Amino acid sequence: MPNPHLLSRSLLLLVALAIGGSVAAATRSAAAAPPVDPLEASLAGEFALQGGKLPDAARAYLAAARAARDPVLAARATRIALLADEDALARDAWAVWHALAPVATPEQQMVATSLALRGGHKRLARRELQALLAGTGGWQASLAALLGAVGKQPVLVGDMLGELIDAGALPDELPAWLGFGGLAQRLERPDVVERIMRQVVARFPGEPRVALLRAQLSREAGNLDEARAVLPPLEAPARLSPSLRWALAGEYEALGDTGKAAQVLATGAQDETSFAQRAALLDKAGDKAGLDALYAELKRDATDPNPVRRLLLGQVAELLERYDEALAWYASAPGQRAQGIARLRSANVLHAMGRPPQAYAELRALQADAALDEDARRDAYMLEAELHAKDKQVDAERDAFARGLAAQPDNIDLLYARALMWERTDDIARAEADLRRILVIAPDNVAALNALGYTLADRTRRYREALELIDRARVAEPGNAAIIDSYGWVLFRLGKTRAALEQLRRAYAQQKDPDIASHLGQVLWVLGQREEARRYFEEARKLEPGNRSLQRALQDTGA
């Protein structure tokens, strides 16, 4: 068998020729250009990056890399160019990176493979994937390379995945098969999914996680009865394995069988986390009898002054609408930290009892209590705003945020929550002002960058500005599904419908979310693929019937 490292190096030379012209050309171009100050070029790249101008940033970093002969700068230029969807620029940057660091790292191999896939170079991609699997990068790097090309070449990625399975190229490690199986499912390639399942069953007989994978894939394919039929034999081994018990409960919950999920969690040793999750599941199932039984179970150890148990008893009493008992449990929770939480919950209980004046008075007292830490006082302002929103008292909600920010002027959580309130009430200018204030305090706050970029894309026509903000978020968290969704949505607003579809498919492959499904449906509708669009609208409705993005998409399309 050939040495995988030698094989990988020879393939990388082929990649350099195919995607970057040649290694010599990568360095000759620097000699032909006017002299560049590496520091100046690096600063220009950083300023462009901070401004969300990703192609300019990649070009500046590439110039700096050539001038300084620095592989680290070349690698940075490559990553930024890929984020900017500038594949030609990424190929140039990769060629310089490889010329300056010819002993390939797993990341360099992964990027080369992804570029070959994105460029549609099937033969080269096949060789690179095989070398990547044989080298130190292993299956994780191979999976990352395939994921990096899903948006541009979904059919080729599915074909390459199928070839890897048929060739027996994946290692005998169950997590690898689970990862590639999930990718096949999200690519909507049932042929590949079935081949993976046959291999998994043969390689890992009797492994409970294999049955869980089959249930998950069946569920995601819409075969709910088939998924449910797989799960009962797992209940006995789950009693002996806490991790399997939680995974099994999670699959039952995903199937909508929340009562059954709670029943599974009830087996085996219990702790405060499992008790709390059982309460949440029983409440979601509307199972008052089950909650009542859980309440009785928790009360058996109520003589223990454990503050977590007292708080949990109070919350279960709340769910059972035994509000006086809930207040008593909260009052008995020992410790200053527990009492801060207990007083917040008590205010919520008083509001539920139809006593808003007392609830708001308790929250005002919390806000003024200097013995509590800043986080507890912040939470009191945020809960007051939330309760006013429930009461449809918009002016009072605004006042709660105003007082909170007067007390804690630079509190990012309060600013972010208020920005969401402004957006919900269609005051986009003020939402923008609060998000920009966060970015003054914390210029790299990814949540604020993404929220502001998405808001500008969704609620204004300032699409270029939105793109720059979202691009800054993408640099920080390139694999974040919510950010990929924002990127796809702003591309759609810019009229780049096909490119938007690629990104939204990639986002939905990572996370089944009603906003992403709604955006995907709207883009497909505009492209004339209306049956598929309706399917995604239905997915969004199942996930969250009242989703605002879904309502707007249906209104815009007339679907």
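Which helices do the buried residues of α3 pack against? In this predicted model, where local features need pLDDT of at least 70, side-chain atom pairs count only at pLDDT 80 or more, and totals for chains, interfaces and linings use all residues, the partners are α4 (54-68), α5 (71-83) and α29 (463-476). Residues are numbered from 1 along each chain as its sequence is written, and side-chain values use heavy atoms, with hydrogens and water left out. Helices are DSSP runs of H or I with at least four residues, numbered from the N terminus, and contact means heavy atoms within 4.5 Å.

Helix α3 covers residues 38-50, and its 13 residues should span 18 Å at 1.5 Å a residue, which agrees with end C-alpha atoms 18 Å apart; the expected span is 1.5 Å times one less than the number of residues. Ala41, Ser42, Gly45, Ala48 and Leu49 are the buried residues of α3. They lie on the same side of α3, because they cover an arc of only 125° around the axis, taken from the directions from the helix axis to the C-beta atoms. Exposed Leu39, Glu40 and Phe47 sit on the face turned away from that buried side. Here buried means under 20% relative accessible area, exposed over 50%, and partly exposed in between, with a 1.4 Å probe and protein chains only. At the start of α3, a side-chain oxygen of Asp37 comes to within 2.9 Å of the backbone nitrogen of Leu39, while just after the helix Gly52 adopts a positive phi of about 80°.

Elsewhere, Gln315 belongs to helix α20 (residues 307-319) and is partly exposed, with a relative accessible area of 36%. Its C-alpha atom is separated by 6.7 Å from that of Ala326, 11 residues apart along the chain. Leaving aside neighbours within four places in sequence, Gln315 is in contact with Tyr330 and Arg345.

Finally, the lining of the largest cavity consists of Leu147, Val150, Leu183, Leu187, Arg506, Ala509 and Gln510. A cavity is a set of points on a 1 Å grid over the protein atoms alone where a 1.4 Å probe fits but cannot get out, and lining residues have an atom within 4 Å of a point. Helix α31 (residues 497-510) gives the most to this lining, with 3 residues.

Methods:
Helices (H or I, at least four residues) and strands (E, at least two) are DSSP runs, numbered from the N terminus. A polar contact is a pair of N or O atoms within 3.5 Å; within protein, one must be able to donate a hydrogen and the other to accept it, and residues adjacent in sequence count only if both atoms are side-chain atoms. On a 1 Å grid over the protein atoms alone, a cavity is a set of points where a 1.4 Å probe fits but cannot get out, and a pocket is an open set with protein on both sides within 12 Å along at least five of seven lines; lining residues have an atom within 4 Å of a point.
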